[in-house]
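Thanks, everyone; I would like to talk through some helix packing today. Please have a look at the structure first, and then we can go through the contacts together.

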Amino acid sequence: MASSSLFQSPSFSLKPQTPISPPSPKPHFTTVKCSSSSKCRDNIRDDAHRHNTTHPHHFSAKYVPFNSSSSNDTSSSESYSLDEIVYRSQSGGLLDVQHDMSALKNYDGRYWRDLFDSRLGKTTWPYGSGVWSKKEWVLPEIDSDDIVSAFEGNSNLFWAERYGKQVLSMNELWVKHCGISHTGSFKDLGMTVLVSQVNRLRKMNRPVVGVGCASTGDTSAALSAYCAAAGIPSIVFLPANKISVAQLVQPIANGAFVLSIDTDFDGCMQLIREVTAELPIYLANSLNSLRLEGQKTAAIEILQQFDWQVPDWVIVPGGNLGNIYAFYKGFHMCKELGLVDRIPRLVCAQAANANPLYLHYKSGWDEEFRPVKANTTFASAIQIGDPVSIDRAVYALKKSDGIVEEATEEELMDAMAQADSTGMFICPHTGVALAALIKLRNKGVIGATERTVVVSTAHGLKFTQAKIDYHSKEIPDLACRFANPPVQVKADFGSVMDVLKKYLRQAESFWIRTRIRRISYEH
């Protein structure tokens with residue numbers, strides 16, 4: 001594809017000797033002058049230098065072609081340094097980050113468990129991050145000074161007691177709230193790694209002027225925030241009128257250069273791939289395998305939060321499908337390095353309106369994968385019909401004896417509303433995962449006593465309009481069975497008392513029914 005004439009003026013150069021200066025946030029640090037009556041403290045970066053917190057053993061990682069027959073295949077001579085700007089193998093296939101497992105195996109599982117546990121909840125740079133507390137397994141050769149982090153990760157693993165017992169007759173339902181993060185989604189886990197590596201590349205004078213992505217919302221929010229923290233220009237391609245206002249405002253607020261394009265995500269993805277092949281813009285989508293190295297730490301966190309006990313099932317919403325592979329990779333590394341003795345079974349949950357992986361799974365994986373035209377879904381971040389990481393996802397599911405399930409719009413919205421009514425406040429994508437769990441429980445695939453983790457990928461506050469529409473019963477063709485609209489009441493004591501008495505009678509009746517069900521379940 002030829003470069004646009006816009007970039008053919010003699011003043012434009014692909015060499016970033018003097019970085020272009022688009023509108024960007026002010027630096028995220030200030031210089032403070034000590035007064036004679038106070039003592040200046042080192043910042044946490046300086047403190048890390050003084051105490052030399054780097055691991056004494058040299059670990060390394062490299063890009064290799066992703067081989068669906070073996071993620072650790074060493075027969076291929078093709079490999080690339082992580083400092084190279086490369087997204088595809090010579091054959092055009094995906095790449096994977098391969099760690100030097102022999103070096104990591106110089107330390108046993110107990111050592112790694114103790115090391116990771118010792119960093120939990122600390123402010124030591126950069127280990128206060130849930131991602132960088134596993135630095136040796138993520139990006140082992142990066143200097144801590146190059147890391148761009150908001151101390152992401154370490155997200156809540158929530159025991160969904162009431163929802164589990166009341167809706168699913170389960171005692172061990174847990175929700176991993178990855179959306180309780182810096183920008184409100186799990187994408188922060190991968191973006192801290194990618195932007196940190198870009199920060200390193202720019203200091204090495206590699207041809208990187210900015211970082212770009214196609215997005216259905218959450219990726220752009222994470223990219224723009226981390227680039228803003230590092231003072232790196234970010235470029236975002238968004239499908240016009242297909243993401244929530246809350247998602248749109250994040251990259252705008254963080255100073256990203258936002259292009260609203262009249263196409264869907266797949267169209268945006270095609271364009272960003274063509275653009276990054278022509279311009280010094282680093283590709284930030286999950287085609288870039290660096291992001292998956294950060295996202296895999298959520299799986300390690302789950303094991304850590306269960307005191308290194310392995311759950312039976314982990315259910316992950318799936319769109320572009322990098323995350324299901326990232327979770328598999330995190331669990332598999334823990335098993336291979338002796339931290340645990342098995343991995344959980346994985347479930348990838350898709351919206352029925354964007355379900356290419358589900359259709360492929362239902363064929364028994366036998367038929368050639370066929371992309372679909374994704375239809376509109378409330379789970380907009382997974383409204384993807386031609387996922388980049390299809391090969392990675394199929395590999396992960398086969399290796400984990402995994403399952404793919406789907407959820408209709410009514411099923412996912414009802415599941416979201418039910419979950420919210422028990423104290424959660426989840427996104428529609430988590431509704432997809434919960435709806436999939438309901439189906440698998442009804443089929444007897446997942447047992448009542450099996451410990452199950454549902455991965456919540458984004459914060460519910462990003463999707464308030466969907467919730468408003470549901471509770472207002474303004475969604476065509478949806479019954480909205482669990483809607484809870486406000487009650488209009490006249491401003492007088494008698495009217496308010498009448499409404500409250502009726503409500504309390506209904507609440508008492510519901511409590512009695514719930515209590516009877518709970519007693520029956522417990523016995």
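In this predicted model, A298, A299, I300, I302 and L303 of α11 meet F327, G330, F331 and C334 of α12, where contact means heavy atoms within 4.5 Å. Those residues divide into 8 nonpolar, 1 polar and no charged, with Ala, Val, Leu, Ile, Met, Phe, Trp, Tyr, Cys and Pro counted as nonpolar, Asp, Glu, Lys and Arg as charged, and the others, Gly among them, as polar. The axes of α11, residues 297-305, and α12, residues 322-336, come within 7 Å and cross at roughly 50 degrees, so the two helices are oblique to each other (under 35 degrees counts as roughly parallel, over 145 as roughly antiparallel, 65 to 115 as roughly perpendicular, and the rest as oblique).

On caveats, local features need pLDDT of at least 70 and side-chain atom pairs count only at pLDDT 80 or more, whereas totals for chains, interfaces and linings use all residues. Residues are numbered from 1 along each chain as its sequence is written, and side-chain values use heavy atoms, with hydrogens and water left out.

The second pair is α5, residues 161-168, and α16, residues 428-442, which pack at an angle of about 40 degrees with their axes 11 Å apart. Here Y163, V167 and L168 in α5 meet L434, L437, I438 and R441 in α16, and the residues of this contact divide into 6 nonpolar, no polar and 1 charged.

Finally, α6, residues 187-203, is largely enclosed by the rest of the structure, because 16 of its 17 residues are buried, meaning under 20% relative accessible area with a 1.4 Å probe, protein chains only. N205, whose phi is positive, near 60 degrees, follows α6.

Notes:
Axes are lines fitted to C-alpha atoms, for helices over the stretch in contact, and angles run from 0 to 180 degrees between N-to-C directions. Helices (H or I, at least four residues) and strands (E, at least two) are DSSP runs, numbered from the N terminus. The expected span of a helix is 1.5 Å times one less than its number of residues. Buried means under 20% relative accessible area, exposed over 50%, partly exposed in between (1.4 Å probe, protein chains only).
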